[in-house]
Structure formats: C-alpha cells, structure tokens
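Colleague: I have a structure open and would like to go through it with you. Can you put it up?

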Amino acid sequence: MSYLTKNHATPDKLTIGGEIAIVGDGKITKDGVAVNLGGSAQVTDGSITTAKLANGAVTVAKLDTSLTSTLNGKLTATKAAAVPDTAATDAAGVLAELRDLKTKLRAAGILA
C-alpha cells in the first residue's frame with residue numbers, strides 16, 4: 001500500500017513524515033508514564049544506576065575536578081621498609097619477625 005501524504009495512519013501505526021511539536025504542558029506517555037525524549041530534564045535522585053551506564057561512561061574528566069584531590073587524600077600508603085627472608089629456626093623467631101613486619105606495615109600506613 002502506498003500513501004500520497006507524509007503523514008498517515010493504519011490501525012496499529014501512525015507515521016509522521018514531518019515534525020511533531022509538543023508545546024506548553026503537552027507530553028507523550030507510555031502506560032501512563034511520561035516519556036522523556038531529551039532536552040533539559042532534571043535527573044531524579046537514584047535514577048542513575050550502574051546497569052544504566054555504558055562501559056566507560058563515567059570518567060574522571062566528566063566528574064568534578066575535586067575528585068582527584070579527594071582520592072589522592074585517601075590514598076596515603078607508602079612502601080613498607082624491606083623485610084629480609086626469614087632466618088627464624090623456632091616459633092619465637094617467627095613471632096619476632098611477624099611483630100617486626102607488623103611494625104613496618106603500620107609505619108608505612110598500610111596497617112592500622
């Protein structure tokens with residue numbers, strides 16, 4: 001079937017070959033819920049989820065520039081002092097080396 005106009009309807013389809021202009025309070029709904037086709041709509045709290053984001057959609061460049069300094073302030077660990085291989089020959093020697101290792105990890109900020 002062919003049509004002579006850009007806009008035509010069949011029982012289950014409306015074809016618009018021109019422009020639809022929605023003005024004022026006009027809206028499009030699907031199952032009673034307004035359909036947002038873009039524009040300057042506000043994002044509601046909790047409406048953005050990991051499942052809705054494309055891979056790599058959120059980058060540091062897109063976020064506030066204070067993000068980097070905030071993260072850097074939390075990443076404060078440094079390398080711990082070198083620890084030689086064990087020379088312990090008994091349980092008391094292993095315990096002493098373990099305590100020394102824990103002291104070095106605390107000094108490096110890795111262990112509380």
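Colleague: What kind of model is it, and what goes into the numbers?

Modeller: This is a predicted model, where local features need pLDDT of at least 70, side-chain atom pairs count only at pLDDT 80 or more, and totals for chains, interfaces and linings use all residues. Residues are numbered from 1 along each chain as its sequence is written, and side-chain values use heavy atoms, with hydrogens and water left out.

Colleague: What is the average pLDDT of the protein?

Modeller: The average is 79, and 78% of the residues score at least 70. pLDDT is the predictor's confidence in each residue, from 0 to 100. Where pLDDT is low, the predicted coordinates should not be read in detail.

Colleague: Which element has the highest mean pLDDT, and which the lowest?

Modeller: Helix α2 has the highest, 90, and helix α1 (residues 66-74) the lowest, 76.

Colleague: How many helices and strands are there?

Modeller: Two helices and four strands. Along the sequence the order is β-β-β-β-α-α. Both kinds of element are DSSP runs numbered from the N terminus: helices are H or I with at least four residues, strands E with at least two.

Colleague: Back to α2. What span does it have?

Modeller: Helix α2 covers residues 91-107, 17 residues, and reaches 24 Å from its first C-alpha to its last, close to the 24 Å expected at 1.5 Å a residue. The expected span is 1.5 Å times one less than the number of residues. Just after α2, G109 takes a positive phi of about 80°.

Colleague: How many salt bridges does the count come to?

Modeller: Two, taking a salt bridge as a side-chain nitrogen of Lys or Arg within 4 Å of a carboxyl oxygen of Asp or Glu. One joins K104 and D100, at 3.2 Å from N to O.

Colleague: Why can K104 and D100 face each other in α2?

Modeller: K104 and D100 are four residues apart in helix α2, so about one helical turn separates them. An α-helix has 3.6 residues a turn, so residues three or four places apart point the same way.

Colleague: Are K104 and D100 buried, exposed or in between?

Modeller: K104 is partly exposed, with a relative accessible area of 21%, and D100 is partly exposed as well, at 34%. Buried means under 20% relative accessible area, exposed over 50%, and partly exposed in between (1.4 Å probe, protein chains only).

Colleague: Which residue does K30 pair with?

Modeller: K30 forms a salt bridge with D31, with the closest N and O atoms 3.2 Å apart. K30 is exposed, with a relative accessible area of 55%, and D31 is exposed at 71%. D31 lies in the loop between β3 and β4 (33-34). D31 also has a positive phi of about 50° although it is not a glycine.

Colleague: What about T29?

Modeller: T29 lies in strand β3 and is partly exposed, at 44% relative accessible area. Not counting residues up to four places away in sequence, T29 touches A34 and V35. Contact here means heavy atoms within 4.5 Å.

Colleague: New topic. Which residues make the nonpolar surface patch?

Modeller: L14, I16, I20, I22, I28, V35 and L37 make a nonpolar patch of about 670 Å². Patches are made of residues with over 30% relative accessible area and no salt bridge; like charges are joined within 9 Å, nonpolar side chains (Val, Leu, Ile, Met, Phe, Trp, Tyr) within 5 Å. Of these residues, I28 lies in the loop between β2 (13-15) and β3 (29-30) and is partly exposed at 37%. L14 lies in strand β2 and counts as exposed at 63% relative accessibility. Leaving aside neighbours within four places in sequence, L14 is in contact with H8 and A9.

Colleague: What does T15 touch?

Modeller: T15, also placed in strand β2, touches K6, N7 and H8, not counting residues up to four places away in sequence. The C-alpha atoms of T15 and T5, ten residues apart along the chain, are separated by 9.8 Å.

Colleague: Last one. What share of the protein counts as buried?

Modeller: 3% of the 112 residues. The accessible surface comes to about 10100 Å², of which 59% belongs to carbon and sulfur atoms; areas come from the Shrake-Rupley method with a 1.4 Å probe, and for residues only the protein chains shown count as cover. Among contacts between residues at least 6 apart in sequence, 25% join residues at least 24 apart.
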